Amino acid sequence: MALSAAVSALALGASGCVTVHGELEVVPAATKGEAARALAEFTEAYNAGDKAYDPELSAGRVTGALGQINQASLRAKGKNTPGGNPRHTPLELTDARFLIPAKAGWPRWFLADTDSNRDVDTDPRQDTRWFVAFVKSGPDAQWKAAYLSILTPDEIPEFSEDAKGNAVPVAADAGGFAVAPGRLSKEYADFLGKGGELFADGQHTSAWRAQREENADRPGRTTQWVDQPLDKGDFAPLALRTEDGGAMALFTTRHFEKQTAARGVPLTVRPEVGALLKGEIKQAVTLERVSNQVVTVPGRGDSGKVVFLNRIEGLTGAVGE
């Protein structure tokens with residue numbers, strides 16, 4: 001099976017949400033009380049799913065990139081450890097600051113900037129903040145967490161506010177930036193395949209390309225990659241204007257990695273791959289991953305490049321050949 005065929009088989013399961021159009025009045029996406037409830041309900045559902053390794057317990061509170069990563073991870077862990085998580089420690093998200101943009105219509109969204117109990121606040125090298133992006137597709141829908149980004153305090157930009165103190169959203173097709181937020185997913189997928197000048201050097205850009213080149217041909221094994229944009233429905237990018245004239249943007253991509261072994265060379269995979277595997281591994285396996293990233297985008301005319309602040313990816317599928 002060609003890599004493109006394996007990619008098609010894996011991608012068939014992905015789906016987005018249909019935009020629901022509503023009010024035309026520009027209003028804050030949520031009240032602070034509503035945002036706090038959404039954060040609490042997400043945390044409760046996340047903990048229930050993690051404790052039982054049961055994706056159904058958190059399915060109603062996650063979507064988009066975070067949903068794909070969370071649900072696939074729980075399916076794999078539940079299959080490999082059917083008794084639940086023996087090391088479960090409840091996640092706590094406290095000291096929340098809500099960045100709530102004002103906009104018309106649906107979908108609506110906001111960011112929760114929180115302190116988690118997964119870091120060490122007293123050590124600057126280990127102190128982090130969890131940014132959880134919530135989206136709501138319509139007036140009768142639930143708030144669901146679509147993105148998660150983990151930033152150190154010095155990585156967090158200063159966000160702009162409008163006259164009423166609301167965060168300022170940046171539309172997907174907005175001009176005035178080095179790249180419109182709506183193009184980030186495609187630009188990043190293209191960059192990983194062909195290179196380019198839009199993104200600053202770093203772990204998730206130049207270093208990842210170099211690592212792929214190094215690992216493409218190993219004794220007895222070859223590896224190929226296909227990178228795809230993922231930017232519709234609940235995978236749509238979200239962006240807020242920053243005080244320096246740029247923006248902080250969250251976006252999603254999908255990545256396929258095909259490993260092919262030479263005849264007679266065994267191809268083994270980790271347990272989490274086996275738990276999500278379709279088909280039988282005879283000579284090759286194609287891994288599907290979804291990646292959720294946050295970047296700063298300079299304003300047009302700024303000589304800077306798009307800089308990655310954080311990237312979280314998760315295995316979401318595998319096909320054996």
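Two strands are taken as paired if DSSP finds at least two bridges between them. In this predicted model, strands β2 and β4 run antiparallel and are joined by 5 bridges; within this pair, T94 stands opposite D115 in β4. Both strands belong to an open sheet of 4 strands, ordered β2-β4-β5-β6 with antiparallel pairing. Because β2 and β6 stand at the edges and each has a single partner strand, one side of each is left without a neighbour in the sheet. From one strand to the next, the twist averages 25 degrees.

Helix α2 lies across β2, β4, β5 and β6, and runs at about 135 degrees to β2. The helix comprises residues 32-52; at 1.5 Å a residue, its 21 residues should span 30 Å, and the end C-alpha atoms are 31 Å apart, which agrees. The buried residues of α2 are E34, A35, A38, L39, F42, T43, A45, N47, G49 and D50. The cover over these residues includes the sheet strands β2 (93-99), β4 (108-116), β5 (129-136) and β6 (144-151), together with helix α3 (64-80). Y53 follows α2 and has a positive phi, near 50 degrees.

A further set of pairings involves strand β12, residues 284-297, which is mostly covered, with 13 of its 14 residues buried. Strand β10 (residues 247-261) runs antiparallel to β12 and is joined to it by 14 bridges; L250 has V294 in β12 as its bridge partner. Strand β13 (residues 307-320) is also antiparallel to β12, with 12 bridges joining the two. Here R289 stands opposite L315 in β13.

Note on methods. Residues numbered from 1 in each chain as written. Predicted model: local features only at pLDDT ≥ 70, side-chain atom pairs only at ≥ 80, totals over all residues. Heavy atoms only, no water. Expected span 1.5 Å × (residues − 1). Buried < 20%, exposed > 50% of the residue type's maximum accessible area, 1.4 Å probe, protein only. Contact = heavy atoms within 4.5 Å. Axes fitted to C-alpha atoms, helices over the stretch in contact; angles between N-to-C directions.
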